[in-house]
Amino acid sequence: MAGRVTFTEDNVKSTQADFPKLKLQKNGDCARILVLEDPLAAYIHDLKRPRIVNGQPQTKVEERKDGTTYTDYVKDFISRPLCLGDEGILADRGLDPNHCPACKLASQGDMVDPPKRRFAMNVLQYVTRPGSTDIALPFQVSCVVWAFTDTVFNKLVAFKKEHGDLRVHDLLLGPCTNPAFQKFDINISTKAEWLALEPDELQSPQFVRYLECLSGIDNLVVDTTLEGAGLHQTRRGGYLNVHADFTVHPKRRTWRRRLNLLLFLNEDWQDEWGGALELWNRWRAREAPQYREYYSIPGWQRAAVAVVYLGLAAALTVAMSASYVERNL
Ligand SMILES: [Zn+2]
């Protein structure tokens, strides 16, 4: 996954492989994670070479499902390069020899396999008790990249079909039975632990860390004075007009507003009463169907986080745009 790299010494000689990854380290390890986004998918070749001993390629006898046997080369793993093929051609034919040299080799013999899809996405990993998926205290999370194959992807599709939005269900991984191949069971929890945070925990370092992971903005500072924030009540029929929030703190001029957290305290609010939060891209496009869907907030998501970017304030005021900007985690 591509990402910005700061000009700091710890990034010298650093590679993509240095991203924090979800990895169960040893047998019996477990993890509890939360899926935040849809994964990136790419076709990858699994490059291997035959093992040569004394100038001879090594072979082994393999068994087919029907019990018959065949002889195959013993191969060692080299690397997993991106397939250079065209995605449409790969989806149709499984190989694109005209654009990808590895595909060309795969089309000429069985030393190189056709590319397979691999997936990667950011997930929140909770700190759990050793060998358990139970949350450790104090509550802590980190943001890591989880890379996986079709098998796991299909499992997540099945989870989503049965349980709906994955962001309200933690995934329980483990115990690990083979760290080298990352073999472990995946189950889905009835709830997501982060949703169980009490309101007085909204200013806690743990929750702020969670927001940093969610937004990708490091070193967030909580405005404990709640300037322009706090409890708000709107009476029946009342409303707040479309507006852009201040981006520079009125009293601490070096502070920039980066996140808004809106927590609705109405219990059992019915959709037909209206009164919903509306985040608009452009006021004039407010009726366009694509914006309706894009800016709708699911009922479960009582806490909506709006990202405010520096320099956007003027544009917002002029264009009457809302303070929400789509971003990819
Ligand atoms: Zn290829």
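1. Basis of the model. The structure is a predicted model, in which local features need pLDDT of at least 70 and side-chain atom pairs count only at pLDDT 80 or more, while totals for chains, interfaces and linings use all residues. Numbering of residues runs from 1 along each chain as its sequence is written.

2. Overall composition. The chain holds six helices and 14 strands; helices (H or I, at least four residues) and strands (E, at least two) are DSSP runs, numbered from the N terminus. Of its 329 residues, 13% count as buried. A residue is buried if 20 or more other C-beta atoms lie within 10 Å of its own, exposed if 12 or fewer, and partly exposed in between, with C-beta atoms placed from the backbone. Among contacts with a separation of 6 or more, 62% come from residues 24 or more positions apart; a contact requires C-beta atoms, placed from the backbone, within 7 Å.

3. Nonpolar cores. The largest nonpolar core has 18 residues, and I33, L34, V35, V123, L124, V141 and L173 have the most contacts inside it. Two or more residues each are given to this core by β1 (31-35), β9 (116-126), β10 (141-149), β11 (171-173) and α4 (205-215). Apart from it lies another core, of seven residues, including C83, L95, A102 and A106. Such a core is a set of buried Ala, Val, Leu, Ile, Met, Phe, Trp, Tyr and Cys residues joined through C-beta atoms within 7 Å. In soluble globular proteins, nonpolar side chains tend to be buried together. Leaving aside residues up to four places away in sequence, L173 touches L24, C30, A31, I33, F184 and I186.

4. Helix α2. In this helix (residues 101-108), the buried residues include A102, C103 and A106. These three lie on the same side of α2 because they cover an arc of only 100° around the axis, the arc being that of the directions from the helix axis to the C-beta atoms.

5. Helix α3. The 14 residues of α3 (residues 150-163) should span 20 Å at 1.5 Å a residue, and the end C-alpha atoms are 20 Å apart, which agrees; the expected span is 1.5 Å times one less than the number of residues. The number of buried residues in α3 is zero, so the helix lies largely in the open. Just after α3, G164 takes a positive phi of about 80°.

6. The bridge partner of K60 is D72 in β7. Five residues lie between the strands of this hairpin, where G67 takes a positive phi near 95°. Strand β7 (residues 69-73) is hardly covered, as the count of buried residues among its five residues is zero.

7. D29 and its surroundings. D29 is placed in the segment before β1 and counts as partly exposed, with 19 C-beta neighbours inside 10 Å. Not counting residues up to four places away in sequence, D29 touches L24, G131, G174, P175 and C176. D29 and N178 are 149 residues apart in sequence, yet their C-alpha atoms are 9.8 Å apart in space.

8. Backbone points to inspect. Most residues other than glycine have a negative phi, and most peptide bonds are trans. A cis peptide bond joins G174 and P175, with omega about -5°, and P175 lies in the loop between β11 and β12 (186-188). Q182 is also placed in the loop between β11 and β12; its phi is near 50°, a positive value in a residue other than glycine. Q182 counts as partly exposed, with 18 C-beta neighbours inside 10 Å. N54, in the loop between β4 (52-53) and β5 (56-57), has a positive phi of about 55° although it is not a glycine. N54 is exposed, with 5 other C-beta atoms within 10 Å.

9. V242. This residue is placed in the loop between α4 and β13 (259-263). V242 counts as partly exposed, with 13 C-beta neighbours inside 10 Å. The C-alpha atoms of V242 and E278 are separated by 8.6 Å, the two residues being 36 residues apart along the chain.

Definitions and conventions
Two residues are in contact if their C-beta atoms, placed from the backbone, lie within 7 Å. Two strands pair if DSSP finds at least two bridges between them.
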